[in-house]
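Work through the following exercises on aromatic rings, trying each task before you read its solution.

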Amino acid sequence: MSVDLDVQNVTTPNSSFFTSFGPNPVQSNLFFNCYFTESNLISFYLIDVNGRVFNKLLERQFDKGNSSVEIDVSGFPNGIYYLQANINEHPLAIQKLMIHR
């Protein structure tokens, strides 16, 4: 199952965005498809329901164009989290995420 994001809500001045994200709830691997109009440093953070950063999942330079990302969350406890994606250290998108096995 994928969750389609409303691109209008996650665009940035350089028109980078996430086109899909899933599954949600997730058991082990989380997948993203994204598009960048230029090279960008992307960071993914898992944030708990109290607003604290629980884990920095990934930080990587992405080239211009379409990219796919897979993140293993199988080692994290069941629960409700927020997944925050940052582009060049600026928030791009925040999505509610449930980890459930």
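**Exercise 1.** Is Phe21 buried or exposed?

*Solution.* The model is predicted, with local features needing pLDDT of at least 70 and side-chain atom pairs counting only at pLDDT 80 or more, while totals for chains, interfaces and linings use all residues. Residues are numbered from 1 along each chain as its sequence is written, and side-chain values use heavy atoms, with hydrogens and water left out. Buried means under 20% relative accessible area, exposed over 50%, and partly exposed in between (1.4 Å probe, protein chains only). Phe21 has 1% relative accessibility and therefore counts as buried.

**Exercise 2.** Describe how Phe21 and Phe32 pair, and which parts they tie together.

*Solution.* Rings of Phe, Tyr and Trp (its six-membered ring) pair if their centres lie within 6.5 Å, and planes under 30 degrees apart count as stacked, over 60 as edge-to-face and the rest as tilted. Searching the whole structure gives five aromatic pairs. In one of them, Phe21 and Phe32 are 5.4 Å apart centre to centre with 40 degrees between the planes, which makes the pair tilted. Phe21 belongs to strand β1 (residues 17-22) and Phe32 to strand β2 (residues 29-36), so the pair ties together parts 11 residues apart in sequence; strands are DSSP runs (E, at least two residues), numbered from the N terminus. Phe32 is buried as well, at a relative accessible area of 6%.

**Exercise 3.** Which parts of the chain does the pair of Phe36 and Phe62 link?

*Solution.* This tilted pair has 5.6 Å centre to centre and 40 degrees between the planes. Phe36 lies in strand β2 and Phe62 in strand β4 (residues 53-62), 26 residues apart, and the pair thus links distant parts of the chain. Phe36 is buried at 0% relative accessibility, and Phe62 is buried at 1%.

Methods:
Helices (H or I, at least four residues) and strands (E, at least two) are DSSP runs, numbered from the N terminus.
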